[in-house]
Structure formats: structure tokens, C-alpha cells
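Q: I would like to learn how to read sheets, helix packing and a ligand site in a model. Can we take them in turn?

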Amino acid sequence: MSKILFAASEAHPLIKTGGLADVSGSLPAALKRLRQAVRLVIPAYPQAKQRAGDLKPVGSIRLPGSTQVMTVLEGRMPGSGVIVWLLDYPPAFGREGNPYVGPDGRDWPDNAERFALFCRGVVAIAQDRAGLDWRADVVHCNDWQTGLVPALLSLETVRPATVFTIHNLSYQGIFPAETFVRLGLPHELWHYRGLEFFNHLSFIKGGLVYADRLSTVSPTYAREIQTPEFGYGLDGLLRHRAEALRGILNGIDLQEWDPAHDPHIPCHYDAEHLTAKRGNKRALQEELGLPASDQLLLGSVGRLVEQKGVDLVIACIDRLLELPLQLAVVGSGDPAFEQALQEAAERHPHKMSLRLGYDEGLAHRVEAGADAFLMPSRFEPCGLNQLYSLRYGTPPIVHAVGGLADTVVDASPEALKEKRATGFCFYYASPEVLFHSVERALALYEKPALWEQLARTGMAQVFDWRSSARQYLQLYEEAQAAARQTGAGLAHPPA
Ligand code: ADP
Ligand code: GLC
């Protein structure tokens with residue numbers, strides 16, 4: 001049994017902006033089920049404090065240059081019972097709304113300070129300097145907000161092993177060089193093989209350079225990020241660290257995303273009772289103000305940003321809506337994309353519905369009520385929505401990159417014949433190619449027996465957390481072995 005400290009900037013159901021929260025909610029729970037002593041640590045945002053229920057102060061952390069201390073609030077994750085530590089420091093985290101951006105949609109101007117503080121808090125806990133009488137064997141960090149943790153720990157003589165998971169390489173936490181000085185970071189970390197990136201401070205490099213082991217959330221994305229096309233300037237470093245890098249596919253929470261018991265949807269169903277899915281389609285059409293049509297209802301849920309290929313959809317939306325289909329979009333993000341979609345919905349009120357904003361329940365109802373799910377991402381480290389749609393018998397139409405390539409089997413004649421097909425893949429990100437794959441989906445939708453087979457095959461796929469958690473355990477062991485080799489004194493040396 002290892003003491004694992006899992007650090008992230010969001011965790012479902014306490015606070016969520018995207019898939020990272022799903023992972024931070026589920027993976028520690030799966031590790032707990034494998035009898036690991038896992039603790040989750042996130043910042044104490046107001047919403048997280050509220051949703052965590054009973055919290056008690058259990059420790060405190062002194063911060064360099066501040067008179068105020070950071071309090072460690074302990075609670076249990078709703079559902080899984082995983083022990084969670086919320087790092088309470090109101091000047092940095094006591095803000096309502098989104099953890100990363102203000103009401104104007106722009107990054108909080110002090111994000112470097114906020115997440116540097118979070119990292120210092122995580123280091124203090126890992127090193128048993130927070131009064132918790134608990135010392136980590138492994139610290140598992142996620143995305144740039146936790147990047148300084150492996151860097152700071154690398155300077156300690158006795159330290160835990162570190163693992164850094166890349167959920168999205170395009171968000172790197174890059175700040176002007178002066179920030180490095182302002183944050184009072186140790187000068188040993190400022191060099192091109194350290195936190196410096198083209199004369200800027202890079203939080204993510206703290207993870208990529210200093211963690212004992214690296215991972216990302218699908219095998220294909222692990223390969224892609226080592227190429228200039230997907231590497232965002234870090235492909236060289238990632239090739240250099242290829243030996244330490246693994247691709248471990250995310251799982252999904254099989255209880256929360258289960259069409260047979262989902263409390264958010266009106267009609268429950270499973271693979272044997274697929275006709276009941278129709279009730280969800282009707283209800284969704286009604287909820288969204290779309291006519292009760294039998295045409296293929298195409299759903300889409302997600303952040304409206306370039307990563308998700310929203311521009312590809314917008315570029316062909318009028319042609320798309322001339323096809324015999326309806327389109328239901330739920331999401332929020334880039335104001336320009338929001339506006340373009342809004343205008344399209346106004347031009348085609350009987351064919352398209354747009355719900356701007358974040359709505360957990362509606363996300364479930366779209367997965368259940370749509371006939372097919374559109375996810376044309378330009379890049380996708382793993383992607384969870386296509387996994388949800390597979391489970392809900394809603395075949396995904398995807399650009400075959402990253403986790404989408406690893407989880408969806410294209411409905412080629414051969415794969416259909418062999419009953420392996422689960423969705424529609426396209427291999428080049430352009431509006432024409434996307435349009436063509438929607439046409440392919442429509443052609444198959446005309447053949448109900450084949451369509452049902454496609455949906456059922458998708459529903460039979462198992463993307464559970466148990467096998468992914470086992471792979472992480474293996475990675476933690478490798479990280480501990482690697483840390484020993486670097487001469488780091490480990491907190492709990494193996495007997
Ligand atoms: P990413 O993390 O890149 O945003 P994922 O597919 O991994 O993409 O995960 C997105 C998660 O966020 C899913 O659980 C999805 O249902 C949820 N989600 C995204 N946007 C919305 C929204 N507007 N309303 C409700 N849920 C959303
Ligand atoms: C990121 C990625 C997404 C992935 C999620 C959880 O937000 O964009 O592909 O599923 O993290 O790992």
C-alpha cells in the first residue's frame with residue numbers, strides 16, 4: 001500500500017470545468033478500491049467548500065512572504081468517500097465562478113501566484129510540513145496548475161516519487177520571466193532544462209522535466225505529443241523523456257453514466273431495451289424546442305473552443321442543416337464561436353438548438369436523447385464525451401486523433417460485418433470531410449438493424465477505471481524506482 005497524494009485544480013463533484021474534474025473524481029476512488037492510501041488535494045474554491053459538506057481544519061501551512069497561513073480543510077468526496085484536503089487561502093481561491101477565468105472570460109490576472117501557492121501547499125503536505133502527520137510516497141500531479149510541485153520537490157533531499165499527467169498540452173501556464181522572481185522560486189530552477197521556456201516561466205515544464213514519470217491520457221496522444229504537429233513546442237523535451245512517458249486511457253464512472261439508472265434522464269434503457277431510448281429523444285426535442293421529428297438527432301456537448309473543432313462545424317453548418325437531421329449543441333467557450341452558433345440556430349430554428357452554459361443534467365439528456373454524437377476535435381488527449389455516448393448507445397462521429405482514435409471503431413463495411421464498429425471516424429480535419437462523415441452516418445441510420453448493431457456494440461465496450469488504476473499503480477512503482485536511482489532519499493524506503 002502506498003501513500004498517494006493526488007493533486008489537481010478541479011475534481012467532480014466539487015468543482016468542474018472539463019474532463020480533468022471527472023478524472024480527479026474517479027481515479028482516486030478507483031485507487032482507494034485497490035486499497036491504496038490515497039488523498040486528493042485541490043484548492044478550496046467557495047463552490048468546492050460548499051459541496052464538500054462537513055469540513056474540518058486539520059492542518060496549516062506557512063507561506064513564504066505572507067503573514068496569512070493556508071488552512072488544510074479535510075472532508076470526504078461525496079460518493080466515493082475519498083479523503084479530500086481543500087487548501088484554504090481566500091485571497092487566492094475565495095472567488096466565485098470558474099477556477100481559471102474571471103466573469104469577463106479572461107484568465108485571472110494572478111493565476112501564476114494562485115497556482116504557485118497551491119503547489120507550495122501540495123509540497124508542504126507531501127513533505128509532512130502541514131501538521132497532518134502524513135507523508136506521501138508518491139505525488140501524482142495533473143496539468144500545469146500542479147507543474148511546480150515536481151520541480152520544488154526535486155530540490156529536497158528526502159522526497160516522494162513524482163508522476164505528472166498531461167491532460168492537455170496546449171495549456172502550459174506560461175508567464176513573463178519577471179514572474180519567476182516575483183514568485184520567489186529557487187534560482188536553480190531557471191534554465192532551459194528547467195522552468196525556463198523561451199525566456200518565459202513555464203509551469204508545465206516543472207512537471208515534464210522534473211517528474212520521475214510522465215503520463216498522458218491515451219496511447220495515441222502519448223505518441224502525438226512527441227511530434228511538432230501536436231507538441232506545442234514541447235515535442236523535443238517529450239521525445240527526450242519518451243522512456244518515462246506512458247499513455248493510460250481514462251475510464252468513466254460507470255455508475256454516474258449509466259442509461260439504466262441515470263437520474264437525469266426520463267426513460268431508462270439498456271442494450272436489450274434500446275427502443276426505450278426513443279422516449280429520451282422526444283423529451284429532449286421538447287426540452288430544446290425542436291420539432292418531434294424522426295430525423296437523426298445529432299448531439300454535441302463540450303467546451304466551445306478550437307480544440308473541439310467547433311470552427312469545422314461552423315464552416316459547414318448551413319449545408320449540414322440542409323440534411324435530414326437536427327442538431328443540439330450544449331456548451332460554452334470562445335465568444336466568437338458562441339455567436340456564430342447562436343446566429344446559425346436563429347437561421348434554422350426548427351433544425352438546431354443551442355444551449356450556452358454549463359448544465360450537467362442536460363449533458364446526460366443529450367447523451368441519452370441524441371441518435372449520434374458529434375466530436376470533431378482537432379486534437380483530443382482522451383475525451384470522455386465519446387465514451388459516455390458509446391455507453392448510451394449514441395454512436396460518436398469523431399476525428400480520429402488521440403483518445404478518439406483509441407476508443408472509436410469506424411463503421412467501415414468490414415468492421416460492420418465483423419460487428420466491431422462503434423461509430424464514424426474521419427481522418428482529416430476539414431469541414432468537407434466532417435460533412436461527408438455525417439452523410440455516412442445518415443446513410444447507416446436509414447438501415448435500423450445495422451444502426452442498432454452499431455449502438456449495441458458501442459454499449460458493450462468497457463472503459464472502466466479499474467484497469468486504468470492498475471496501470472497507474474504500475475507507473476507509481478516505476479516512479480519510485482526511478483526516484484531511487486536519482487539518489488533521492490525516499491520517505492518510506494522499501495524494506
Ligand atoms: P475536455 O476535458 O477537453 O473539456 P472531455 O470530453 O474529456 O473534454 O470532458 C468534458 C467533460 O465536461 C464531460 O464530462 C462533459 O460532459 C462535461 N462538459 C463540458 N461542457 C459541458 C457543458 N456545457 N455542460 C455540461 N457538461 C459539460
Ligand atoms: C483534458 C482533455 C480531454 C481529457 C481530459 C481528462 O481536458 O482535453 O481530452 O479527456 O483532459 O483527461
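Q: In which sense do β10 and strand β11 (residues 200-202) pair, and over how many bridges?
A: Strands of a sheet pair through backbone hydrogen bonds, either parallel or antiparallel. In this predicted model, β10 and β11 pair in the antiparallel sense, over two bridges. Within this pair, F197 stands opposite H200 of β11.

Q: What is the strand order of the sheet that holds β11?
A: The order is β9-β11-β10, an open sheet of three strands with antiparallel pairing. The edges are taken by β9 (174-176) and β10 (196-197), each with a single partner strand, so one side of each has no neighbour in the sheet.

Q: Which helix lies across β9, β10 and β11?
A: Helix α7 (residues 203-210) does, and it runs at about 55 degrees to β11.

Q: How many bridges join strand β3 (residues 56-61) to strand β4 (residues 70-76), and how many join β4 to strand β5 (residues 83-88)?
A: β3 and β4 run antiparallel and are joined by five bridges.

Q: Which residue takes a positive phi in the hairpin of β4 and β5?
A: G79 does, with a phi near 95 degrees; the hairpin has six residues between its strands.

Q: In what order do the six strands of the parallel sheet come?
A: The open sheet reads β16-β15-β14-β17-β18-β19, with parallel pairing. β16 (352-356) and β19 (424-426) stand at the edges; each has a single partner strand, so one side of each is left without a neighbour in the sheet. From one strand to the next, the twist averages 20 degrees. Inside the sheet, strand β14 (residues 296-304) and strand β17 (residues 372-375) run parallel and are joined by two bridges. G299 has F373 of β17 as its bridge partner.

Q: Which strands does helix α19 (residues 431-445) touch as it packs on the sheet?
A: α19 touches β14, β15 (325-333), β17, β18 (396-399) and β19, and its direction makes about 160 degrees with that of β19.

Q: At what angle do α19 and helix α20 (residues 448-459) pack?
A: Two packed helices are described by the angle between their axes and the distance between the axes. Here the angle is about 115 degrees and the axes are 7 Å apart. From α19 the contact uses A441, L444 and Y445, and from α20 it uses P448, L450, W451 and L454. The residues of this contact divide into seven nonpolar, no polar and no charged.

Q: Which residues come nearest to ligand 2?
A: H167, N250, E380, C382 and G383 come nearest, out of 14 residues around the ligand. The shell divides into six nonpolar, six polar and two charged residues. Helix α1 (residues 19-33) gives the most to this shell, with three residues.

Q: What lies 2.9 Å from an N or O atom in the side chain of N250?
A: An oxygen atom of ligand 2 does. The backbone also takes part: a backbone N or O atom of C382 lies 3.0 Å from an oxygen atom of the ligand, and a polar backbone atom of P381 is 3.5 Å from an oxygen atom of ligand 2. Of the 310 Å² of accessible area that ligand 2 has on its own, the protein covers 93%.

Note on methods
Residues are numbered from 1 along each chain as its sequence is written. Chains are lettered from A and ligands numbered from 1 in the order in which they are written. This is a predicted model: local features need pLDDT of at least 70, side-chain atom pairs count only at pLDDT 80 or more; totals for chains, interfaces and linings use all residues. Side-chain values use heavy atoms; hydrogens and water are left out. Two strands pair if DSSP finds at least two bridges between them. Helices (H or I, at least four residues) and strands (E, at least two) are DSSP runs, numbered from the N terminus. Axes are lines fitted to C-alpha atoms, for helices over the stretch in contact, and angles run from 0 to 180 degrees between N-to-C directions. Contact means heavy atoms within 4.5 Å. A residue is near a molecule or strand if one of its heavy atoms lies within 4 Å of it. A polar contact is a pair of N or O atoms within 3.5 Å; within protein, one must be able to donate a hydrogen and the other to accept it, and residues adjacent in sequence count only if both atoms are side-chain atoms. Accessible areas come from the Shrake-Rupley method with a 1.4 Å probe; for residues, only the protein chains shown count as cover. Ala, Val, Leu, Ile, Met, Phe, Trp, Tyr, Cys and Pro count as nonpolar, Asp, Glu, Lys and Arg as charged, and the others, Gly among them, as polar.
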